[in-house]
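Visitor: Could you show me how to read the packing of helices in a model, and then how to read an annotated position?

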Amino acid sequence: MTTVHINDTQDTEQPKSPHRRSWLKGIGVGAVSLGAGALATKAYIDSSDGTQTKQDAYGTHQAGIITPQPAAAIIVVFDVLAKDKKGFEKLLRTLTDRITFLTQGGQLPQIDPKFPPLNSGIMGDKVFPDNLTMTVSLGASVFDGRFGLTDLKPQYLQDMQPFPNDALEPESTDGDLSIQICSNTAETCIHALRDIIKNTPDLMTMRWQMNGFLPPHMIRKLGKDTMRNLLGFKDGTSNVDAKNDALLNELIWVSDHANSAGEPAWAKGGSYQVVRLIRNRVEFWDRTPLQEQETIFGRHKLSGAPLGKPNEHDDPDFASDPDGKRIPHDAHIRLANPRTPETRKNLILRRGYNYSQGLSKSGQLNMGLLFVCYQSNLLNGFLTVQGRMNGESLEEYIKPFGGGYFFSLPGFAKGEYLGQGLIQAAV
Amino acid sequence: MVSNFKLIAASCLTLASFTLTACGEKASAPKPADKTAAPAAPAANPEVAVAVTDTACEPASLTVPAGKTTFIISNKSSRPLEFEILKGVLVIEERENIAPSFTQKLTTTLDAGDYDMICGLLSNPRSKLTVTPNANAQVAAIPVTQLEAPIAQYKAYVLDETKAFVEKTEVFVAAINAGDMNKAKALYASTRAHYERIEPIAELFSDLDGSIDARADAYKKVEKDPEFTGFHRLEYALWSEKSLKGMKPIADKLLSDVKALQTQIAGLNFPATKVVGGAGVLIEEVANGKISGEEERYSHTDLSDFDANMAGSKKIVDLFRPLIEKADPVLLKKTDDNFASVEAILSKYKQGDTWASYDKLTEADRKALAAPVTVLAEDLSKLRGLLGLN
């Protein structure tokens, strides 16, 4: 099974992905795609264009959370139109079927040409995996009583309340259900999105979406190099290590860890997803003295090193700088991650993308960060981290205008459907 | 719009000291001199001991030679205290929150002249620091002391504008409370203009900036949001709802917020980087929010704000004119030309004391404004660097 799970976005040949989900060991589902997979594996390995790279659809956790980031993403948020629990279950089953097909690939059915095609055709007649993941998450509004789920809401799930620097546009905020679509290319993401909306017109309708991108050449160096945001700074240097299972169980997955105390049983294996659409005032930023830019972030712009240190991954060593003379107290990295024993529980898994879409009404670039992060405890995670950053110097240059809090469903095994535990727990 | 001094402003207010610069300086990077001081020539720096008590500096006066000096500041009281070196209203250096019985070092480069020191609380009487001429001292291209006079003049300008702002707001609020919609509409733009002229300073007080000047889109429920207050809420009532029903609490709060702002600004020491940087920040306001007509979306009085932002920016350029002239005469000339280009276009829409509705601007004029505004934003962004400010 793991040989199918080739990730050719890695620099070095890694026959066994470090991110494969351990639940696969010893369970039958591993054999599911093995027949087809084993035969095709050689071809996949030889393929260097990434189109045959695939991520497992099944697992304890959904793919797309600790999976290494590919270059393209769409976050799309829907309002659910289904009227009752049965309709909602149908939606989840439909999503499960489509996601399983799209992420693993396969032949599209032939149809009578007198009818519209079943599919956009962007990928031709045979869908290829292209490293696609689709991660389904639910907003607080799904638990409002329409589907009989009121008592099953993850305890921290809530609508997004604006932080002081936010200007949340209602048309780009919240929603019932988010799908994070990631793959090697924008086209594959778009293909998947169009497949989903074609298959669910009676069940949900799009509320907002945002496309994101990262440089493919940097993706290949993940773990060795860090992406830059559109302000030109390295972003995510101290991210949670996605290979550390103990850390993931504490900080990222709802689990048996004390950090998850009080969560409904069905939520185990899921994670809180935060999406924020954050416009960067890039023209203004580009007119800001370098020294001030670096002071605002707390890092040297080109090397990414903490101020006063030579290398990107050097410890910012805040303890040696109690006055904030080297790295100011309101520098972004100092507020985001003070690196004290008490703030360890606030660590989040960042999985953001850059975005660029046209112009603002003032004729300035509308671009910035499609911020996405995951955590096992929304309060200890994003809410606390962002609370610390209220008033940071960077605020003059950024404007969060949308997003939402969602709960990423636990993964599913062959024969199961997404959110099955939730539906079965409902009265 | 929100200031990058939000946190600083808040923490200063809780310290019950209105000296923003005490905190504001913190946001600026360490001076290169600080970084290189210790390893380069530690022995060359004279070291001077100053004790900070609840009420004063010990000794009460100090004399040091021009150039680099290291102050060894010890807190001899039982609570956290601060230490500042000032030149008039200009804060040259500061250390805040020095813990009781702790000692901190502060290395700074001073030009010859008379300075003040404040120890303990910022309301304490000032002590004297005399810096004597020193032939060996390195001289900065533009000595920081030369910023003292323009910054003092800028503070006077801001205080005048604030005073007028309070007076006009009183009349505006009275009109609202009297239900006189026509009068309130007529006063709206000219009242706000005082705020728009001094925005880089007014924005330092982010809570007040929000309650006085935030637009509806800062709130999740937009116009219906109960947190939506201030000028734009009243603008919405006057032009969009066409009713002042329920506006008395909003109007009264506006007046008390505006008066609170006046009190805060009166006690403020003006950070040099903020003042000089303010020239560009005002233009960024125009480029990001005013060009689109989003700022005054109900009343379309954007041109008044536009003109006020420009005037506020030009004021700063004028105050620092001799220094800019010395540092980069070409840039100064170009800046003057661009201000003139903007004024020429705006003047077409001036109607006595008021301005044409922003939607009356031709597409060609809107486009024509974009070029000088963008160039001003680019050029004025260099001012701080030009004047040697971190």
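**Helix pairs and an annotated residue**

Guide: H10(B) and H14(B) are roughly antiparallel to each other, a label for angles over 145 degrees, as against under 35 for roughly parallel, 65 to 115 for roughly perpendicular and oblique for the rest. This is a predicted model, in which local features need pLDDT of at least 70, side-chain atom pairs count only at pLDDT 80 or more, and totals for chains, interfaces and linings use all residues. Residues are numbered from 1 along each chain as its sequence is written, chains are lettered from A and ligands numbered from 1 in the order in which they are written, and side-chain values use heavy atoms, without hydrogens and water.

Visitor: What is the angle at which the axes of helix H10 and helix H14 of chain B cross?

Guide: Two packed helices are described by the angle between their axes and the distance between the axes. For helix H10 (residues 272-290) and helix H14 (residues 363-380) of chain B, the axes come within 8 Å and cross at roughly 150°, where axes are lines fitted to C-alpha atoms over the stretch in contact and angles run from 0 to 180 degrees between N-to-C directions; helices are DSSP runs (H or I, at least four residues), numbered from the N terminus.

Visitor: Where does UniProt place the feature "binding site"?

Guide: The unreviewed UniProt entry places "binding site" at A:Arg299, though such annotations may be inferred rather than shown by experiment. A:Arg299 lies in the loop between helix H7 (290-297) and helix H8 (332-336) of chain A, and at 5% relative accessibility A:Arg299 counts as buried (under 20% relative accessible area, with exposed over 50% and partly exposed in between; 1.4 Å probe, protein chains only). Beyond its neighbours within four places in sequence, A:Arg299 is in contact (heavy atoms within 4.5 Å) with residues including A:Phe233, A:Glu294, A:Glu312 and A:Arg339.

Notes:
Helices (H or I, at least four residues) and strands (E, at least two) are DSSP runs, numbered from the N terminus.
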